[in-house]
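Please look through the sequence and the structure shown below before reading on.

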Amino acid sequence: MPEREGNLEALGSLIHGFGVLADPMNIAYMFIGITLGVLIGVLPGLGGANGVAILLPLTFSMSPTSAIIMLSCIYWGALFGGAITSVLFNIPGEPWSVATTFDGHPMAQKGHAGEALTAAFTSSFFGAFVAVLLITFLAPVIAGFALRFGPAEFFAVQLLTFCSFVGMGSESPFKVLCAMMLGFALAAVGLDSVTGELRMTFGSVEMLRGFDFLIAVIGLFGIGEILLTMEEGLAFKGKSAKINAKVVWETWKSLPRYWVTAIRGSIVGCWMGITPGGATPASFMSYGLAKRFSKNRQNFGNGEVEGVVAPETAAHAAGTSALLPMLTLGIPGSPTAAVLLGGLLIWGLQPGPLLFVEQKEFVWGLIASMYLGNIAGLIVVLTTVPVFASILRIPFSIIAPVIVVICAVGAYTVHNAFLDIVMMLVFGVVGYVFKKLSYPLAPLVLALVLGDMAESSFRQAMLVSQGDLAIFWSNPLVGSIVTLALVMLFWPVLSALLRKRQSRQDGGTQVIPVK
Amino acid sequence: MEHGTQNSDPVVSNRTMEIVVAGLFALVALVVMADSIRVGNGWGSDGPKAGYFPFYVGLIMLVSSLATLTVNLWRHSGERTAFVEKHQLALVLKVLVPSAVFVILTAFLGIYLSAVLFIAFFMHWVGKYPLKTILPVAILVPAGLFVMFEIWFLVPLPKGPVETMFGF
């Protein structure tokens, strides 16, 4: 039974991974990371992606394992933090917490904030836990499989990632393409690593370094978000949360009733996390499914616990499983995973199948930290909610300049370059305009991160085939991935055609909106 | 066609912004393509040249931006919706302008002193706080950053004449 052997091996490696965590410093970094993460998730204008980007330089002096443990814990913390703002303030800290506000905030309004938060945190934990189990047993298998990949296969997988944005995004496909290509173009600036030629530097020495995606992330997501928040003239009117052991215990006793919702949410989340659908659609889809199948359907939107469980399990399962393609193929499933990947590259670790062979200790230390990090996260958030809720009550006119300063510090520390702070501000304005015109930011960031990798695998594939595109259909594996990618790319056109045909068959005269 | 909200006038319509941004994308695309042709976008003796990949990146960007441009030139509905209203723009500039000044000051005064001035100014100007609220925040936040970055994590941040005076 080779499969059972594989599972046993994974278990063995995992136990070894827990050994890596036995270092008390790593446990300390874990708690620091979670706390910083919740703080980032709670503060308006700071999200998981730019939070990790800002704090990345802090970890340069640590060992790669400690660093990634702290950074991934910031990520878990940010995921947890989003629920606090959604439930208490009706402000989704992250897009994937939007669905949590539907029932979480009404619960808080009725004075059940403690129950809503406990349910949210516990289901987040559950979703993340299922995803980590999946990563533990599936990652080595996928990595093993991917070891046989050539450049054409790698480019095909990257192509699928990018085409999925076009097919699955809610924005105009042309805008998705524009934003994505801007990312690729910015990634190409600087020294071409293959030919040594200078591209798009226009004689400037500063441009030699190229555009660092960390600066872009801090500007687009950090400064851009501040500008948007300011524009809305935000005033926080929050509900107070009383969480004590009794509330937690009572809620925990009632949660097993929703096991079907939780498992369904985890499956939806895992699927959407691995494919780059992402946490946001996963949370909405899970909420919709829960509503359709619930006995208390009419109560959804008025403060139904199930309506908190569903999106939170899915969002965390998606957020966590987004790390699976990052670790095994080097393709991050979310912007925050992209920042983590950037971190790995900075430490000289090349994410991808070889990581499981060459950096065993690192990979399994990280996976083990996902288990412990989520437990630590649950403890931290359940005990500190009132503290974080009070941070949200600090007026925006104090928070805003502090966040701008923190972003500037983060941008500067990436390369110790003053120009990067200026670039951050420029990216901030770009982020503001893009958000308002619904140009998506995630494909831009992902293209900026993966640009060099995608280009080099494309060039290598072309070199092998002497410029013949037929190499992308040279075997069933690469052929089916590329075909799937093209279906994704043309999905907006295909679905519009299908709808047109459908409405013609229905004999309807309604106008189909062209997106 | 005046459809702005009662309390504020639109500064620029969504449609205009769509056209401007799509036009800028087209411009960037042309620059990318031109530079790719400069370094060579074809096949060299040892494989694809440096501009091979970026050229197509530019081409896709050009085609997509022209598509967005055409859609918006052709459709007039966007004229009615405001991209940004006067009072919104004022609020955005209230953050953006001081932030830009802070960034410029960083080059001369270092990041810590600039941060003190920036936070204090912002809290006074936007938040209308009394001095006894402003001073602790404006001083403690940069001081906290100093301890965290310079002392704990040994990451140097830009410093100016004041820090030099204290021997940093």
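This is a predicted model: local features need pLDDT of at least 70, side-chain atom pairs count only at pLDDT 80 or more; totals for chains, interfaces and linings use all residues.

## Helices 4 and 17 of chain A

Helix 4 of chain A and helix 17 of chain A cross in a right-handed manner. By class, the contact of helix 4 of chain A with helix 17 of chain A has 18 nonpolar and 8 polar residues, and no charged residues. Helix 4 of chain A covers residues 64-89 and helix 17 of chain A covers residues 360-392, and the two pack at an angle of about 35° with their axes 7 Å apart.

## Helices 3 and 15 of chain A

Another pair in chain A is formed by helix 3 (residues 48-55) and helix 15 (residues 335-346), whose axes come within 8 Å and cross at roughly 15°. Helix 3 of chain A and helix 15 of chain A are therefore roughly parallel to each other, angles under 35 degrees being counted in that way. The crossing in which helix 3 of chain A passes helix 15 of chain A is left-handed.

On the side of helix 3 of chain A, the residues that meet helix 15 of chain A are Gly48(A), Ala49(A), Val52(A) and Ala53(A), while helix 15 of chain A brings Pro335(A), Thr336(A), Val339(A) and Leu340(A) to the contact. Sorted by class, this contact of helix 3 of chain A with helix 15 of chain A has 6 nonpolar residues, 2 polar residues and no charged ones.

## Helices 6 and 10 of chain A

Helix 6 of chain A, which spans residues 113-146, packs with helix 10 of chain A, residues 245-254, at an angle of about 60°, and their axes are 9 Å apart. That angle makes helix 6 of chain A oblique to helix 10 of chain A. Helix 6 of chain A passes helix 10 of chain A in a right-handed crossing.

From helix 6 of chain A, Gly114(A), Glu115(A), Thr118(A), Ala119(A) and Thr122(A) meet Val247(A), Val248(A), Thr251(A) and Trp252(A) of helix 10 of chain A. The classes in the contact of helix 6 of chain A with helix 10 of chain A are 4 nonpolar, 4 polar and 1 charged residues.

## Where chain B meets chain A

In the interface, 62 residues of chain B are in contact with 59 residues of chain A. Together, chain B and chain A bury about 5400 Å² between them, and 82% of this area is on carbon and sulfur atoms. The rule finds 1 salt bridge across the interface of chain B and chain A. The side chains of Lys175(A) and Glu18(B) meet in a salt bridge, with 2.7 Å from N to O.

## Salt bridges and a tie within chain A

Over all chains, the structure holds 9 salt bridges. One of them joins Arg199(A) to Glu455(A), with the closest N and O atoms 2.8 Å apart. Arg199(A) lies in strand 2 (residues 198-199) of chain A and Glu455(A) in helix 20 (residues 442-465) of chain A, so this pair ties together parts that are 256 residues apart in sequence.

## Met488 of chain A

Met488(A) is part of helix 21 of chain A, which covers residues 476-489. Leaving aside residues up to four places away in sequence, Met488(A) touches Leu160(A), Cys163(A), Ser164(A), Val166(A), Gly167(A) and Met168(A). Between the C-alpha atoms of Met488(A) and Cys73(A), which are 415 residues apart along the chain, the separation is 33 Å.

Conventions. Residues are numbered from 1 along each chain as its sequence is written. Chains are lettered from A and ligands numbered from 1 in the order in which they are written. Side-chain values use heavy atoms; hydrogens and water are left out. Axes are lines fitted to C-alpha atoms, for helices over the stretch in contact, and angles run from 0 to 180 degrees between N-to-C directions. Helices (H or I, at least four residues) and strands (E, at least two) are DSSP runs, numbered from the N terminus. Angles under 35 degrees count as roughly parallel, over 145 as roughly antiparallel, 65 to 115 as roughly perpendicular and the rest as oblique. A crossing is left-handed if the near helix is turned anticlockwise from the far one by less than a right angle, and right-handed if clockwise. Contact means heavy atoms within 4.5 Å. Ala, Val, Leu, Ile, Met, Phe, Trp, Tyr, Cys and Pro count as nonpolar, Asp, Glu, Lys and Arg as charged, and the others, Gly among them, as polar. Buried area is the accessible area (1.4 Å probe) that two parts lose on being put together, summed over both. A salt bridge is a side-chain nitrogen of Lys or Arg within 4 Å of a carboxyl oxygen of Asp or Glu.
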